[in-house]
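Reader: Please show me the model, and then I will ask what lies behind some of the labels.

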Amino acid sequence: MSEIETLLEVKDLYVNYKSYWYIYKVLNGVSLKISKGEKIGILGESGAGKTTLLKSILGILPPQGRIVKGDILYKGRSLIHDKKYLNEVRRSSIGMIFQDPLASLNPVFTVKEHLLDVLKVVYKDHNYKESDLISIATELLKEVMLPDVERVLNSYPFQLSGGMRQRVVIAMALASAKELLLADEPTTNLDVTIQDQILRLIERLVNEKNLSLILVSHALGLLFRMVNTLYVMYGGEIIEYGDARKILKEPLHPYTKMLLISAPRLTSSKIGEGIKGNPPDYRNPPSGCRFHPRCPFAMDICKKEKPKLIRIGPDHYVACHLYSTSDLEKTGSGI
Ligand code: SF4
């Protein structure tokens, strides 16, 4: 992949959260790349660091969060060390759909006020009158298939259903997402009946606008259908990545295997057992492989040495001491 094609690159990122008593070492050397038009998925349990990663990219970590090492490059320029560039990119290139539409919208402002707030920043160099911005807002709401746009514009968030609120949040993200859309579990807080509609909407908009996409989701079927590349996160680290279909069909890392086995299936009458044990305590994360206290294959080396991501197939990387570079092309073997 040439540097020209690479849109966003996260390089060896470490993020800590500091409370009064403790330091939580959450992201532990995360790296990923996304090129123009590519769609990548991030899979992992709650608390794996997925949202922290997206918030780091947009520079919106909470005050107690701090990037302690690493860099985030957008078209080769640092978003961490150049705040002016970060603002420019947030204004005109990247948009984000947050998990909880209710928490993303201020209850005392109407939809029109929310959209105008965003559009004034996005089009600050355009000398647009308010009526021009209202026209753009109207178009955005039509793009996300909201009926009765006039009424929606003048509504407060509590006057809309959950699905309508999420469509408003998507419209706000689209205002700035000219190149890259970040979607953080965009259907988690919605009724099952409208989850599919929202996902199909995002899929259609991403394809129509030729956007790159980083999708955080637990929905395996959706990831299978929508993304080309899948990153699996555990305990603030990328533990496996590569071709999404290959990983979902033939996972290699013990955690990915257990995660996929524990996912509920419509075709099975059994309920998955889940992964025994708890996610790591970020105040004092396990040494070596962060998964070793829960891994049935753990060896001595796993407690001492953090496994490196190694290439194990044409488009398949895994961080686990069960594999070595000599396993290259032997995808599916090992455990
Ligand atoms: Fe299990 Fe060791 Fe592999 Fe970690 S490195 S997943 S503990 S076998």
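Reader: Which residue in E8 stands opposite isoleucine 40?

Author: Isoleucine 214 does. This is a predicted model, in which local features need pLDDT of at least 70, side-chain atom pairs count only at pLDDT 80 or more, and totals for chains, interfaces and linings use all residues. Residues are numbered from 1 along each chain as its sequence is written, and side-chain values use heavy atoms, without hydrogens and water.

Reader: What makes strands E3 and E8 a pair?

Author: Two strands pair if DSSP finds at least two bridges between them; E3 (residues 39-43) and E8 (residues 212-216) have four, in the parallel sense. Strands here are DSSP runs of E, at least two residues long, numbered from the N terminus.

Reader: Why is the pair of tyrosine 231 and tyrosine 241 called stacked?

Author: Rings of Phe, Tyr and Trp (its six-membered ring) pair if their centres lie within 6.5 Å; planes under 30 degrees apart count as stacked, over 60 as edge-to-face and the rest as tilted. Tyrosine 231 and tyrosine 241 have ring centres 4.8 Å apart and planes at 5°, so the pair is stacked.

Reader: And why is the pair of tyrosine 22 and tyrosine 24 edge-to-face?

Author: Their ring centres are 6.3 Å apart and the planes stand at 75°, so that label applies.
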